[in-house]
Amino acid sequence: MFEIGEKIIYGENGVCTVEKIDALPMAGSPADKLYYHLSPYIGTGVFFAPVESNVFMRPVMSREEAEALIDAMPDIEPAICNDNRFNHVDAFYKELFRQHSCEALVAIVKGLRQRMSQRKTKSSRAEATLKRAKDILHGELAVALGLDMQDVEDYIISRVGKQ
């Protein structure tokens with residue numbers, strides 16, 4: 001069970017803070033079922049996740065794990081979907097996000113940057129997927145390293161160069 005104030009990764013939503021562990025604040029909700037009340041690191045609102053749930057949740061990585069990930073980034077292969085059919089490309093990236101792995105997020109970022117640099121036209125879908133992957137990845141790295149999120153990319157570049 002997570003503790004109040006703890007920063008966790010919640011599903012495909014990225015970093016969230018456990019604000020409260022309590023019943024749902026809605027009439028008719030069972031008073032004996034506990035939920036994490038989670039506030040997202042990026043964005044607004046509150047997520048309610050049952051304490052007894054199959055939804056993916058884990059603690060944010062440690063500083064040491066974050067630095068090891070950054071050091072390993074040059075060796076992570078870009079995730080490239082060679083199928084141009086929209087539904088296949090969409091399924092490809094959805095599966096990578098479902099891995100809940102920072103290495104998969106790095107692969108998405110590297111692959112999309114490579115793909116976008118080779119194309120003459122911009123894809124709003126690719127840009128949105130790239131932004132989502134970077135937000136989740138940089139959010140966790142920012143928390144683990146004690147940085148502001150806007151400083152994460154410069155920190156990565158200072159350690160391993162431009163990815």
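Ser39 is in contact (heavy atoms within 4.5 Å) with Val15, Cys16, Thr17, Glu19 and Gly45, leaving aside neighbours within four places in sequence. Ser39 sits in strand S3. Strands here are DSSP runs of E with at least two residues, helices are runs of H or I with at least four, and both are numbered from the N terminus. The side chain of Ser39 makes a polar contact with the side chain of Glu19 at 2.7 Å. A polar contact is a pair of N or O atoms within 3.5 Å; within protein, one must be able to donate a hydrogen and the other to accept it, and residues adjacent in sequence count only if both atoms are side-chain atoms. Ser39 counts as buried because its relative accessibility is 18%. The cut-offs are under 20% relative accessible area for buried, over 50% for exposed, and in between for partly exposed, with a 1.4 Å probe and protein chains only.

The model is predicted: local features need pLDDT of at least 70, side-chain atom pairs count only at pLDDT 80 or more, and totals for chains, interfaces and linings use all residues. Residues are numbered from 1 along each chain as its sequence is written, and side-chain values use heavy atoms, with hydrogens and water left out.

Stay in strand S3, residues 35–40, and move to Tyr36. Tyr36 has a relative accessible area of 3%, so it is buried. Its side chain reaches the backbone nitrogen of Phe2 at 2.9 Å. Not counting residues up to four places away in sequence, Tyr36 touches Met1, Phe2, Val18, Lys20, Ile21, Phe47, Phe48, Ala49, Pro50, Val51 and Met57. Thr17 is 19 residues from Tyr36 in sequence, and their C-alpha atoms are 9.4 Å apart.

Now take the whole chain. It has five helices and five strands. From the N terminus on, the order is β-β-β-β-β-α-α-α-α-α. The C-alpha atoms fill a box of roughly 55 × 35 × 25 Å along the principal axes. Of the 163 residues, 41% count as buried. Among contacts between residues at least 6 apart in sequence, 54% join residues at least 24 apart.

Next come the helices. H1 (residues 63–72) packs against H5 (residues 152–160) at an angle of about 60°, with axes 9 Å apart. Axes are lines fitted to C-alpha atoms, for helices over the stretch in contact, and angles run from 0 to 180 degrees between N-to-C directions. H1 and H5 are therefore oblique to each other. Angles under 35 degrees count as roughly parallel, over 145 as roughly antiparallel, 65 to 115 as roughly perpendicular, and the rest as oblique. Arg63, Glu67, Ile70 and Asp71 of H1 meet Tyr155, Ile156, Arg159 and Val160 of H5. These residues divide into four nonpolar, no polar and four charged. Ala, Val, Leu, Ile, Met, Phe, Trp, Tyr, Cys and Pro count as nonpolar, Asp, Glu, Lys and Arg as charged, and the others, Gly among them, as polar.

H4 (residues 124–145) also packs with H5, at about 80° and with axes 9 Å apart. That angle is why H4 is roughly perpendicular to H5. Lys134, His138, Leu141, Ala142 and Leu145 of H4 meet Val152, Glu153, Tyr155 and Ile156 of H5. By class, this contact has six nonpolar, one polar and two charged residues.

End at the loop between H2 (86–98) and H3 (102–118), which holds His100. Its phi is near 55°, a positive value in a residue other than glycine. Most residues other than glycine have a negative phi. His100 is partly exposed because its relative accessible area is 23%.
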